[in-house]
Amino acid sequence: MRSIEKPKGGEFPPYANMYIQLLPDDGLLLKHLKNNFIATKELILSLSEEKLNHRYAKNKWTIKEILVHIIDDERIYAYRALRFARNDKTELPGFEQDDYVLCSRANERSIKNIMEEYEVVRGSTIALFDGLPEDSFLRMGTANNNKVTVRALAYHIAGHELHHINILREKYL
């Protein structure tokens, strides 16, 4: 798999640093995306249905809702990356994650169904970034009123997943 250099300051909004800093500066983003999915899948499939539907506090998401949120976020950020990689200058809107989670009805889905979707989305994300021309990674666009490069969007996807898996381990398990 190709190497994708970690983004530098100025390539992403300040809030994204909490995700990007979770990844090593080794350029092996696609390998990390693949391996992190495998580790997440092993963890999730080891949990009971009761645990998958557990909320650690009122109005907090269940593990199933967290997973579907990760999938939704990955799709949206990969779509943004595609648009910007193709040099689309259209400013893209944000999204309201709590509304997405509510409308996903994740808790009504089987974990098998959620993980199948997760795996397909992850494979698509890896294929997208593996196939982009090298010069596209530094292209910048605007999403949710924030300037961001294609490679920063890629690192956001991987770091966002790690962020939520860390929360899952700390507060749910």
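**Figure 1. Strands S1 and S2 form a hairpin with 2 residues between them.** The model is predicted; local features need pLDDT of at least 70 and side-chain atom pairs count only at pLDDT 80 or more, while totals for chains, interfaces and linings use all residues. Residues are numbered from 1 along each chain as its sequence is written, and side-chain values use heavy atoms, with hydrogens and water left out. Strand S1 covers residues 140-143 and strand S2 residues 146-149; the two run antiparallel and are joined by 4 bridges. Two strands pair if DSSP finds at least two bridges between them. Met140 has Thr149 in S2 as its bridge partner. In the turn, Asn144 has a positive phi of about 55°. Strands (E, at least two residues) and helices (H or I, at least four) are DSSP runs, numbered from the N terminus.

**Figure 2. Phe37 and Tyr118 form an edge-to-face aromatic pair.** The structure holds 3 aromatic pairs. In this one, the distance is 5.1 Å centre to centre, with 75° between the planes. Rings of Phe, Tyr and Trp (its six-membered ring) pair if their centres lie within 6.5 Å; planes under 30 degrees apart count as stacked, over 60 as edge-to-face and the rest as tilted. Phe37 lies in helix H2 (residues 29-45) and Tyr118 in helix H6 (residues 111-131), so the pair ties together parts that are 81 residues apart in sequence. Phe37 is buried at 6% relative accessible area, and Tyr118 is buried at 0%. Buried means under 20% relative accessible area, exposed over 50%, and partly exposed in between (1.4 Å probe, protein chains only).

**Figure 3. Tyr56 and Tyr172 form an aromatic pair that is edge-to-face.** The ring centres are 5.1 Å apart and the planes are at 85°. Tyr56 is in the loop between helix H3 (49-52) and helix H4 (63-85), whereas Tyr172 is in helix H7 (residues 150-172); the pair links parts of the chain 116 residues apart. Tyr56 is partly exposed, with a relative accessible area of 31%, whereas Tyr172 is buried at 4%.

**Figure 4. Helix H4 is mostly covered.** Of its 23 residues, 20 are buried. The 23 residues of H4 should span 33 Å at 1.5 Å a residue, and the end C-alpha atoms are 32 Å apart, which agrees. The expected span of a helix is 1.5 Å times one less than its number of residues. Just after H4, Asn87 takes a positive phi of about 70°.

**Figure 5. Arg80 lies over the face of Tyr77.** Arg80 is at 4.7 Å from the ring centre. A charge sits over a ring if NZ of Lys or CZ of Arg is within 6 Å of the ring centre and within 35 degrees of the ring normal.
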